[in-house]
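Dear colleague,

Please find below the structure that I was asked to pass on to you. I would be grateful if you could look through it before reading my notes.

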Amino acid sequence: MIQEAQMIGANTIQMDWIQLGPWTSPDEKGFGLAPLFVESTVGYGPMVDPETGKRFIKETGNRKVRADAIVAMGHPAVIYACEKNVMNKVVGHNMTPEMFKRVQESGVITKFNTLKELADHFKIPYDALKAENDKFNSYMKAKKDPDFDCMFFDDGVQNVEGPFYACRLWPRVHHCMGGLEINDKAQVLNARGEVIKGLMAAGEVTGGVHGMVRLGTVAVADCTIFGRIAARTAIENSKKK
């Protein structure tokens, strides 16, 4: 649609601004099921750099900041939590038992009886991971993270005993911020800022609405608001004919 609009002179804006989701796994195609596990696990288990065994970013923080931090490492991160936290917050909530079974069978999420097994599987330095796990547990108990200010929840339990469930993370495209340039009447503009007669746009085909980061659920409001504005503009224009 963007290319077709460009063919008749439409201007684009912010096409290089792409929001990445930090929840996806390189071990499955597309958006996959990993995000359902990951976003329920943040704040209940640590996310670590497998090369160092240490945390590197606020798990419950801004999606762009998290995604950028993983990309900056140059390799996938690992997030994990003990079975009590996973069964409390993931299975039966964001994921059905059938879905959870499927991601384990496909190797996206792996179950480990001990933290040592987890470390060996992902080639994480065990002593460093054990120290980081102990520190994270102490932060969970105190409900305060002096390192990254991660948010903790009252129903979370410390990740002391296995089994543990873990997932590798690598960001994927979540939302393209750029698109066709429009005015406040949802009319598409050309490179000179002039209205292209009869052409209106709303939603993800447009750019310049959200800035560098789209806030959660705001894409729906974008479609709804500018869709209605586009319809009103079309009605007004038809009355002028």
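Predicted model: local features only at pLDDT ≥ 70, side-chain atom pairs only at ≥ 80, totals over all residues.

The secondary structure of the chain consists of eight helices and 12 strands. The chain is more spread out than a compact globule, because its radius of gyration is 22 Å, well over the 18 Å that the globule rule gives for 241 residues. Along the principal axes, the C-alpha atoms fill a box of roughly 75 × 35 × 35 Å.

Of the 241 residues in the chain, 44% are buried.

The accessible surface of the chain is about 12,600 Å², and carbon and sulfur atoms account for 54% of that surface. As for charge, the chain carries 30 positive and 29 negative side chains. The centres of these two sets lie 5 Å apart.

Finally, the structure contains six aromatic pairs. One of them joins W23 and F31 in an edge-to-face arrangement, with 5.8 Å from centre to centre and 65° between the planes. Are these two partners buried or exposed? W23 has a relative accessibility of 6%, under the 20% cut-off, and therefore counts as buried. F31, at 40% relative accessibility, falls between the 20% and 50% cut-offs, so it counts as partly exposed.

With kind regards

Conventions. Residues numbered from 1 in each chain as written. Heavy atoms only, no water. Helix = DSSP H or I, 4+ residues; strand = E, 2+ residues; numbered from the N terminus. Rg over C-alpha atoms; globule rule 2.2 N^0.38 Å. Buried < 20%, exposed > 50% of the residue type's maximum accessible area, 1.4 Å probe, protein only. Areas by Shrake-Rupley, 256 points an atom, 1.4 Å probe, with all protein chains shown as cover. Lys, Arg positive; Asp, Glu negative; His and termini not counted. Charge placed at Lys NZ, Arg CZ, Asp CG, Glu CD. Phe/Tyr/Trp six-rings, centres within 6.5 Å; stacked < 30°, edge-to-face > 60°.
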